[in-house]
Amino acid sequence: DHADMVVTLHACDTATDYALEKAVDWGAKVILSVPCCQHELAKQMENDLMKPVLQYGLIRERMAALYTDAIRGQVLEYRGYRTQILEFIDMEHTPKNILIRAILQGKKKDNGSRIRELTGFMGVEPTIVKLLAPELLDPERPAPKSPVQGITGCTPAGCTHSWPCIHRYVPECSGAHGRRRYPGSAWTWMALKGCVMHQPSL
């Protein structure tokens, strides 16, 4: 398969990473990607030096979102794309206003060791690295804690998932798992909320 241009808009969490993987696999000459919510690294980040900062949930989430997009940009450069991270719309319209613009150059950037050092420093294994640069992951480092458990076979009465639990977003916590979701993410494309039966532990 081949594509000249790939555009992604507000693909939740790691869904953006899977979209970027497809774009690179297709040899896309241009990638325009606008990420959405970023939760993966917020659950993984462990660093003694930064503990005083990371203890604040809001700061942790925002830092994780920025680190996620920066690592995505570096991995794309590692795969031969000239990459820029830009604001593409005013904050008054949406806070999700970061655009990752990548143009295929062919020559890979020699930044693999820096990516490895950065992920090691933060104690994370981002999905984008696993998909497009798995050789940069340190095989000696223990795998980071998983933010969610698999939902296979889960029932409302026996829900033991950590945040984010899919049940929180299913009306009356019916356990209906037939919603569309992306690999590696429990976030779903549904606008209905209201489940109060299972408040996941943060």
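Before the details, a word on conventions: residues are numbered from 1 along each chain as its sequence is written, and because the model is predicted, local features need pLDDT of at least 70, side-chain atom pairs count only at pLDDT 80 or more, and totals for chains, interfaces and linings use all residues. Side-chain values use heavy atoms, with hydrogens and water left out.

Let me begin with confidence. The mean pLDDT (the predictor's confidence in each residue, from 0 to 100) is 74 for the protein, with 65% of its residues reaching 70 or more.

Along the sequence the pattern reads β-α-β-α-α-α-β-β-α-α. Of the contacts in the protein with a separation of 6 or more, 61% are accounted for by residues 24 or more positions apart. Buried residues make up 46% of the 202 residues, and here buried means under 20% relative accessible area, exposed over 50%, and partly exposed in between, with a 1.4 Å probe and protein chains only.

Now to the helix pair. Two packed helices are described by the angle between their axes and the distance between the axes. Helix H4, residues 57-78, packs with helix H5, residues 112-122, at an angle of about 155°, and their axes are 10 Å apart. The axes are lines fitted to C-alpha atoms, for helices over the stretch in contact, and angles run from 0 to 180 degrees between N-to-C directions. H4 and H5 are therefore roughly antiparallel to each other, on a scale where angles under 35 degrees count as roughly parallel, over 145 as roughly antiparallel, 65 to 115 as roughly perpendicular and the rest as oblique.

Which residues make the contact between H4 and H5? On the H4 side they are Tyr-67, Ile-71, Gln-74, Val-75 and Tyr-78, and on the H5 side Gly-112, Ile-115, Leu-118, Thr-119 and Met-122. By type, the residues of this contact divide into seven nonpolar, three polar and no charged, counting Ala, Val, Leu, Ile, Met, Phe, Trp, Tyr, Cys and Pro as nonpolar, Asp, Glu, Lys and Arg as charged, and the others, Gly among them, as polar.

Two other residues of H4 deserve a mention. Thr-68 lies in helix H4 and counts as buried at 10% relative accessibility; not counting residues up to four places away in sequence, Thr-68 touches Gln-38 and Leu-41. Ile-59, also found in helix H4, is partly exposed, with a relative accessible area of 37%.

Lys-107 counts as exposed at 71% relative accessibility, and Lys-108 counts as exposed at 54%. The C-alpha atom of Lys-107 is separated by 8.7 Å from that of Glu-77, 30 residues apart along the chain, while for Lys-108 and Glu-77, 31 residues apart, the separation is 6.3 Å. Leaving aside neighbours within four places in sequence, Lys-108 is in contact with Glu-77, Tyr-78, Arg-79 and Gly-80.

In helix H1, residues 15-25, the residues Ala-15, Thr-16, Asp-17, Ala-19, Leu-20, Ala-23 and Val-24 are buried, and what covers them includes strands E1, E2 and E3 together with helices H2, H4 and H6. Gly-27, which follows H1, has a positive phi, near 70°.

Most residues other than glycine have a negative phi, and most peptide bonds are trans. Where do His-10 and Asp-13 sit? His-10, in strand E1, has a positive phi of about 55° although it is not a glycine, and counts as partly exposed at 23% relative accessibility. Asp-13, in the loop between E1 and H1, likewise has a positive phi, of about 50°, and is buried, with a relative accessible area of 8%.

Conventions:
Helices (H or I, at least four residues) and strands (E, at least two) are DSSP runs, numbered from the N terminus. Contact means heavy atoms within 4.5 Å.
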